[in-house]
Amino acid sequence: MENRFTATVVRATGSWYDVLHDGVTLRCRIRGKLRLKGVRSTNPVVVGDEVVCESEGGDCVIVDIEPRRNYVIRRASNLSKESHIIAANVDQALLMVTLRSPETPKEFADRFLVTCEAYKVPATILLSKIDLQDAETVAGFRAVYEGAGYRVLEVSAKEGRGVEEVRELLAGRTTLVSGNSGVGKSTLIQAIDPSLDIRTGEISDSHHKGRHTTTFSTMYPLAEGGAVIDTPGIKGFGLLDIDDAELWHYFPEMMRVAPGCRFYNCTHTHEPGCAVVEAVEAGEIAWSRYESYLKILDDDEKYRK
Ligand SMILES: Nc1nc2c(ncn2[C@@H]2O[C@H](COP(=O)(O)OP(=O)(O)OP(=O)(O)O)[C@@H](O)[C@H]2O)c(=O)[nH]1
Ligand SMILES: [Zn+2]
């Protein structure tokens with residue numbers, strides 16, 4: 001192999017990195033002085049990065065990062081000012097949600113969707129473990145998120161429902177798959193491409209190691225082209241770099257009605273003649289979505305103090 005080449009980062013742990021070059025995965029370190037300009041992040045090299053590597057006497061070292069097309073980021077912890085980039089150069093995001101076992105908190109889903117809107121990553125919602133959900137709750141959920149403008153797909157990896165649709169959605173694209181712990185991410189990815197070796201919550205009989213939880217995002221190239229990025233059970237999303245005054249831009253349903261507000265700089269909280277509040281009262285905007293908007297505003301205020 002030539003000793004300077006470009007590759008895609010498929011796994012980033014902080015101490016070592018797996019990169020994919022010409023179908024071969026190589027384990028690398030990063031050059032000590034490699035730091036990104038302008039991004040304050042706990043992780044300089046992330047899954048999805050296109051990097052320049054050099055092999056030095058059998059060792060592979062990442063020496064440079066190509067500019068990112070986009071990235072998805074979260075605050076390292078709730079009140080922290082540090083950020084953690086989950087993945088870079090993604091074409092779309094899939095948000096996996098369950099209505100029970102476990103129930104995905106609405107605010108978790110909404111924060112993730114806001115992040116996608118802010119970073120211009122198209123998002124689709126997968127309603128997972130549909131075999132466990134009752135029809136009425138499913139219809140209620142669809143009304144909220146389809147009303148907001150999102151595509152909602154129902155899947156059951158267990159029964160094979162919706163798997164083909166998801167496979168089509170993924171083909172040829174790099175997709176970030178997100179969802180809180182236990183929504184069935186690994187099980188679905190495995191069903192999409194059985195050749196992949198992905199850990200699930202099942203206990204591994206052969207090794208008796210018990211449940212091993214993943215901690216690092218990993219990119220899996222798909223047999224049919226494209227790749228999925230599996231993110232570890234992410235508990236919450238802090239939002240960064242989003243101005244309070246702009247937050248409503250990332251709720252598509254608020255964006256549609258806000259031109260009707262009396263004040264051009266309406267925050268859609270207390271102002272008279274607010275078209276957003278009117279739409280919430282009329283049931284045209286879901287209360288749960290508006291509630292997430294208020295909670296995110298409120299949290300961001302705490303964060304700045
Ligand atoms: N009933 C039902 N159970 C499912 C389905 N998909 C996954 N499960 C179960 O849900 C549990 C969690 O599934 P995983 O695929 O490990 O979930 P995950 O989202 O990867 O979880 P983390 O690794 O914690 O992020 C496992 O016990 C699966 O067998 C489904 O479609 N229906
Ligand atoms: Zn308003």
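Predicted model: local features only at pLDDT ≥ 70, side-chain atom pairs only at ≥ 80, totals over all residues.
Which residues in α3 meet which residues in α4?

**View 1. The whole chain, for orientation.**

**View 2. Helix α3 meets helix α4.** Here's the answer to the opening question: V163, V166, R167 and L170 are the α3 side, and they meet L188, A191 and I192 in α4. Sorted by class, this contact has six nonpolar residues, one charged residue and no polar ones. Helix α3 covers residues 163-170 and helix α4 covers residues 185-192; their axes come within 10 Å and cross at roughly 80°. Angles from 65 to 115 degrees count as roughly perpendicular, so that's the label for α3 against α4.

**View 3. Strand β1 alongside strand β4.** These two strands, residues 4-12 for β1 and residues 50-56 for β4, run antiparallel and are joined by five bridges. To find your way in, look for A7: its bridge partner in β4 is V51.

**View 4. The hairpin of β4 and β5.** On to β4 and its pairing with β5 (residues 59-65), which is antiparallel too, this time over six bridges. A handy landmark is S55, which stands opposite C60 in β5. Two residues lie between the strands of this hairpin, and G57 takes a positive phi near 55°.

Technical notes. Residues numbered from 1 in each chain as written. Chains lettered and ligands numbered in written order. Pairing = 2+ DSSP bridges. Helix = DSSP H or I, 4+ residues; strand = E, 2+ residues; numbered from the N terminus. Axes fitted to C-alpha atoms, helices over the stretch in contact; angles between N-to-C directions. Parallel < 35°, antiparallel > 145°, perpendicular 65-115°, else oblique. Contact = placed C-beta atoms within 7 Å. Nonpolar A, V, L, I, M, F, W, Y, C, P; charged D, E, K, R; others polar.
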